Amino acid sequence: MVEKLVLILTPIFAFFVGIFLEGFKRKMVARIHRRYGPPLHQPLLDIIKLLSKKENISHGVMFDLGPVIFVGASILTVLFLPLPHFKQLTPYGDLIAFLYIMVIGSLGMALGAGESGNPNASIGIARALTLMLGYELPLIIAGNTLVVRYGTTDLYKFMTLQSGFNWNLFLLPLTAIAGFIATYGAMGEHPFDTVVAPQEVATGPMVEYGGKHLGLLMIGHAIQVYIETAFFTILFLGGASNIFTFILKQLGVIIVMTLFDTVFPRFRIENAVRYFWRWPTLIALLGLLIVYIGGK
Amino acid sequence: MELQETLEEGYVEILDHLRKRSLWMLHYCTACGAVELPPTITSRFDAERFGIAPFVTSRQSDILLVTGYINIKTLKRLVTVYEQMLPPKYVIGFGSCTINGGIYWDSYAVVKRLDLYLPVDVYIAGCMPTPMAVLEGFRTLMKLIDEGKANGWRKYIENYDYYKANQRKVLKW
């Protein structure tokens, strides 16, 4: 009974944590720029404003369904991530299923933006899917290294096996670095923000989205921020024993990511993919080798 | 019935109060006014603390910032951009060029008064307005939104024929 209740409340929890992390990020970026910065709840205000627009422009059925698929897939992905003491849906889908489901959101957005007919949107989608090809490879190698180490694909067991500072960050630093770079790419921060790139393709897939559509996309994005940080926390930072430690660790991930995000310029798309297939993949393969030779 | 009306009014008031804290601007930079915007949105004056951030497409934006003079060619684009934006939307006339033509008062190619063609909510006078004046203009717009007086977009819908006739006179559409 409690399990089911938690299952229903988890997407809302994930949304608010995502909003908090996003707001924290904006504030931190501002402080690094030596600005005062927006209030912590600014992303929430943005979403309220977008959802309260009086008119909407639609370009067709798929255009409307795109954001819905994005939010729906994000909620589904959240449910496959374990929380401290709660297995969520992990008995029904393991790491491999999770890596498959994580992609659905981007595909939904690609389908929706494709119908708008705007050339900037098409370029943005092409870039998003190409970039995905780049960061998925090190992510999957890094994930499977843990599978080799523990002999299981269950995300909840990953969390319990790392309890008491047996974090993979310390035990398998190479794999953790590769996983971090891959997760960072999935977040689309600088230098991997070729997808939205406002100066080049006018926010890419979102170019024709406004009003309530964009509001839905921003809700989905907040949940995505939660997913990426929670995924890294569970795999490499040893999960957590209670919810506050969990959020604190996610905050740590966001802080490190923001430090990188504020100082880097932007890769061209082919350079980004070349980077992903060269350095993180090499590091991840090295980590895999170490686990094979060194054993568990 | 009265209760429902009161509730609706309260709802709109709360919404306006929240909405004024998040304004995304589309800066239509055709003229020299653009040069005052980088200091306004970066470290020194930091417009983001009011929730004002620059955005790149007309679909996502709330404020249309018309910086400087508008000639007949750019007016056509300006009207298209304004009509692409989603209401509630606000127009800010930036600099004296949008008020009476400024130093282009006798030019044959320049449109002198912006509010004949688009409903302007706030004017920022000056040539050039400093970043402080720009921020003051934003604060005024926020106050107007909070009081429910920034109704330019509604005016445009109600007086559509008037604005269209004025635009046709210049553009020869």
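Backbone geometry

Reply: A:Ala197 is situated in the loop of chain A between α9 (173-187) and α10 (198-201), where helices (H or I, at least four residues) and strands (E, at least two) are DSSP runs numbered from the N terminus. The model is predicted, local features need pLDDT of at least 70, side-chain atom pairs count only at pLDDT 80 or more, and totals for chains, interfaces and linings use all residues; side-chain values use heavy atoms, without hydrogens and water. Residues are numbered from 1 along each chain as its sequence is written, and chains are lettered from A and ligands numbered from 1 in the order written.

Although not a glycine, A:Ala197 has a positive phi of about 20°. Its relative accessibility is 0%, so A:Ala197 counts as buried (under 20% relative accessible area; exposed is over 50%, partly exposed in between, with a 1.4 Å probe and protein chains only). A:Ala202 lies in the loop between α10 and α11 (211-236) of chain A. A:Ala202, also not a glycine, has a positive phi of about 55°, and is buried with a relative accessible area of 15%.

Most residues other than glycine have a negative phi, and most peptide bonds are trans.

In chain B, a cis peptide bond joins B:Pro87 and B:Pro88, with omega about 0°. B:Pro88 belongs to the loop between α3 (72-84) and β5 (90-94) of chain B. Another cis peptide bond links B:Cys127 and B:Met128, with omega about -5°; B:Met128 is in the loop of chain B between β7 (122-124) and α5 (131-147).
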